[in-house]
Each structure stands twice: as C-alpha cells, then as structure tokens.
Amino acid sequence: MGLTVKRYQQYYKGIEVDNAEYLLHGKDGRIEAMNGDYQDIYYPKGELIIAKGNIGKNNIFRLSWKFIIVSLQPHNEQKVFVDAINGEIIRDIPLVWSFNTTGQAETLYSGIQKFTCDSYSGGYRLFESRNTTPGNTAIIHTKNCQNAWNTNGAIEFSNTSPTWAAGSWAAFSQSRAALDAHWRAEKVLDYWHTVHNRNSLDNAGLMIKNFVHYGIGWNNAGWWDNNKEITYGDGDGTTRNPFTALDMVAHEMGHGIFFSLQVLLLGILNQQR
C-alpha cells in the first residue's frame, strides 16, 4: 500500500537505551504520524568517600563513590556505595522501608483468600518476604509486564488498600489473575518448605519473580532459567483464560526446582572428575 515505517533506536554514548524507540509512519515521502518513547538519561552525582562494605565479604574500608538512587516506579530510594577502583557495589542502605502486610485477595480461580502483600511508600504492592526453612526467607515479587514480550519494563501492581478486590482495587477487572499468581506462589513455597524442608526453589532462598500480562494473547506460561523468572500469559480471551491456575504455577516453579538440581548434579560430577 506504499506505507513506510522507520524505526529509530535511542543510544547514549554508543550504548543502547532499553525501551527507547521512535517510529515514523509515512506514505509517498511524507510523514503522517510519529510515536514512541524518548528517554531522559539520568545519572546521579557521586560523592567520593571512604566507606565500609556490608555485602558478601566486603567488610573492609574502601575508597568509594556514594550515590543516592531514586526510582519512580516503583518508588524507592537507596544509598549505594561503589568501590572507586573496580566498580563493585560494596554496600547499600534502603531509605524507603517496607514491610509485610496481611491482605485479602479476591482471586480469579480460588475465590477470596488471605495473602501477604507489602506496605511501602506508594501504598501496597504484590511483594513479600516469605518464611521458608527455619531462619530463612525468600522474596515473592509479582509484577505487571504490560503485555510486552520482555520483562524489562514491568511495573508494580499497586493498590491503595491491602484489600485487593472489586471496589477497592482500580485494576481489579484487568489484573485479577495477578492475585492468583502471587497467592499460589505462596502456597507452592509453603509446600516445598513443609513437605521437603526446602528453602525456595534452589534451596538457597531464590527470589520468586512473577510476571503477569506477558505478551499479547499468549496461551502459555513459562520458566526462564537465564533470569530465574516466571511469565504468565493472559490467554486469547476466548478459548484460554489467564495461565495462573494452581497447577500451572506449581508446574513452572517445578522447572525452577529441576534446573537447580541439574546445576547441583553437574557440580558434583565435575568435582568427581
């Protein structure tokens, strides 16, 4: 039909800026429409100091850069110390404190259930620190992929109330399936803890990263071992509903168990050679 679309990717000093693409739509040599995102690049200013680390074995004083890092979505503030010699993060101090909050979820498949969300500066979100084996915890974080085919631009599911139900959560009708993914992840972790005394999927407190609204009309769910994350499709809306039923969540988290055991087995075999 003679239509032309030109895509422009934003770069900063030769480095690609994620989710920053602008499109020109035209015909017969004329531009008819433009759309996309152009990002303002923000770099915080650092202060050179001598600081003691608190991450891993970095408990010694080092020449470091101190930064105050602030994000808008989700809202967070953190003080970060970076080794001035090798660029290693040696210490981080949260400036916005959050804590577990008992909530109530009107799930898509299992009715009303009690679950745990997180009280933070922006209200409440689907985030929690879950007890696993005695003395250990694992984070469960459920985010909104916004129908993108990657998880880089995922945002928080947020609410002004710990009651996630019709009438108290503005996104209820569109995002109800996220409550199933979050609550069911709790139940699956509890099973592995109670029955098998396992500290999350890798037995070392692995964070459970759920991404709901993955892709457009995706009739599937998936475990991605490279990033240790789970994606849930919304289904096509006709023959398939959102893929956050209990057997699906348990299945995908089971992949995490399988891959962690594979890594453990390979390590043992390499030691025996």
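**Patch, bridges and a buried residue**

Reader: What kind of model is this?
Author: It is a predicted model: local features need pLDDT of at least 70, side-chain atom pairs count only at pLDDT 80 or more, and totals for chains, interfaces and linings use all residues. Residues are numbered from 1 along each chain as its sequence is written, and side-chain values use heavy atoms, leaving out hydrogens and water.

Reader: Which residues form the nonpolar patch on the surface?
Author: Leu48, Ile50, Phe61, Leu63, Trp65 and Ile85, with about 680 Å² of accessible area together. Areas come from the Shrake-Rupley method with a 1.4 Å probe; for residues, only the protein chains shown count as cover. Patches take residues with over 30% relative accessible area and no salt bridge, joining like charges within 9 Å and nonpolar side chains (Val, Leu, Ile, Met, Phe, Trp, Tyr) within 5 Å.

Reader: Which strands supply at least two residues each?
Author: β4 (47–52) and β5 (61–72). The largest share, three residues, comes from β5. Strands (E, at least two residues) and helices (H or I, at least four) are DSSP runs, numbered from the N terminus.

Reader: And Phe61, buried or exposed?
Author: Phe61 counts as exposed, at 61% relative accessibility. Buried means under 20% relative accessible area, exposed over 50%, partly exposed in between (1.4 Å probe, protein chains only).

Reader: New topic. How many salt bridges are there?
Author: A search of the whole structure finds 13. Each is a side-chain nitrogen of Lys or Arg within 4 Å of a carboxyl oxygen of Asp or Glu.

Reader: What does Glu47 pair with?
Author: Lys66, with the closest N and O atoms 3.3 Å apart. Glu47 lies in strand β4 and Lys66 in strand β5, so the pair ties together parts 19 residues apart in sequence.

Reader: What about Asp83?
Author: Asp83 forms a salt bridge with Arg62, at 2.8 Å between the closest N and O atoms. That pair links strand β6 (residues 75–83) to strand β5, 21 residues apart. Asp83 and Arg62 are both buried.

Reader: Which residues are linked in a network?
Author: Salt bridges link Glu128, Arg130, Glu186, Lys187 and Asp190. Lys187 and Asp190 meet at 3.8 Å, N to O. Both lie in helix α2, three residues apart, about one turn of the helix.

Reader: Where is Asp180?
Author: In helix α2 too (residues 177–196). Asp180 is buried, with a relative accessible area of 0%.

Reader: What does Asp180 touch?
Author: Thr107, Leu108, Tyr109, Ser110 and Thr244, not counting residues up to four places away in sequence. Contact means heavy atoms within 4.5 Å.
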